[in-house]
Each structure stands twice: as C-alpha cells, then as structure tokens.
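Dear colleague,

Please find the structure below, together with its sequence. My notes on what was found in it follow.

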Amino acid sequence: MKSKGKRDWRCPASFARFTAADETGGVRDDAAASQIRAEYDNAVLYDDYIVDAIIRRVENQDALVIFLSDHGEEVNDIRDLVGHGDESSAWQRDIPMVIWTSAKFRANHPEDVRRIHAAKDHAWQSDEMIHTLLDVMKIRVPQYEKEKSLLLE
C-alpha cells in the first residue's frame, strides 16, 4: 500500500470507504478536517473488521472476546483538536470496551454472563484489566485483587 500521509497506514486501501464528502459536523467543517474524520472512520471500520474476524474464529467454541481500546480520541468533535493524551477530556478518557460471549460460553457460564451484563454501566479503569481476566478465567494468584475486577456487583 502506497502511503500518502501519516494517517494512510491505519487501514488497507480496501477499507477507504468514507471520504471527506461523507463527513459533516464537528467544530471544524473544512475539507482538511473532513478528510481527517473520514480517515478516522475508515480506521474504525478496519478495526471492526479485525474484531469481527476474531469473533468468527471462536464463535463455535466456549469463548469470550474482549475488545478494549487503548485510548479515546478527539477528532475535531468539541474543539479544534485531533489526538489524545488529555485525560480531562471525556472524549479521550472514556474508552470503548466490548465483551462478546459465544453461545457455548453463555450456556456453560451463566453466572459470568450475568455478572458481565450487570457491569455494563460500571465506571472502571482499564489499568485493572488483569484482575477482570483473572476473575473470569477463575485464576487465583497472590497478585489478584477481586475488588479491581470489572465484574463486581
């Protein structure tokens, strides 16, 4: 893939579905800002494709898939800024997380599924992911801290 700019490497050319013409809104509504939002949307589309491919690989197994972004992002949403690193901004601080469970997982682990559903609105720090993983996998080591698991009620 030929790179034309620093954002072009975020997804293969075949995922360049959004163009500047598709983008509206934001605090900047000029061609450059619209192009940046289109490139961001294309990167999200590609990321969704990767997560879907992972889920398809395990959908017939006793499986759980967790997707957790490493940071939030501002893309000229509320101010003239593209990027991340400002923890005072909810756009950057609040990050997406998805927990997907297969039918076999739901059948074999109904209590875990109930706990996952109960946690959907909990505020939680992604730094504590290891405790949630240890919790759901029923692994107990001295470093495990139950109160740091997302799946508390």
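Arg106 is located in helix α3, which covers residues 103–108. Please bear in mind that this is a predicted model. With a relative accessible area of 39%, Arg106 is partly exposed, because that class lies between 20% and 50%. When residues up to four places away in sequence are not counted, Arg106 touches Thr101 and Val113. A polar atom of the Arg106 side chain lies 2.2 Å from the backbone oxygen of Thr101. Arg106 and Ala63 are 43 residues apart in sequence, while their C-alpha atoms are 8.8 Å apart in space.

Is Thr132 buried or exposed? Its relative accessibility is 1%, and buried means under 20%, so Thr132 counts as buried. Leaving aside neighbours within four places in sequence, Thr132 is in contact with Trp124, Lys148, Ser149, Leu150 and Leu151. For Leu150, the side chain of Thr132 reaches the backbone nitrogen at 2.8 Å.

Sorted by class, the lining of the second largest pocket has six nonpolar, four polar and five charged residues.

With kind regards

Definitions and conventions:
Residues are numbered from 1 along each chain as its sequence is written. This is a predicted model: local features need pLDDT of at least 70, side-chain atom pairs count only at pLDDT 80 or more; totals for chains, interfaces and linings use all residues. Side-chain values use heavy atoms; hydrogens and water are left out. Buried means under 20% relative accessible area, exposed over 50%, partly exposed in between (1.4 Å probe, protein chains only). A polar contact is a pair of N or O atoms within 3.5 Å; within protein, one must be able to donate a hydrogen and the other to accept it, and residues adjacent in sequence count only if both atoms are side-chain atoms. Contact means heavy atoms within 4.5 Å. Ala, Val, Leu, Ile, Met, Phe, Trp, Tyr, Cys and Pro count as nonpolar, Asp, Glu, Lys and Arg as charged, and the others, Gly among them, as polar. Helices (H or I, at least four residues) and strands (E, at least two) are DSSP runs, numbered from the N terminus.
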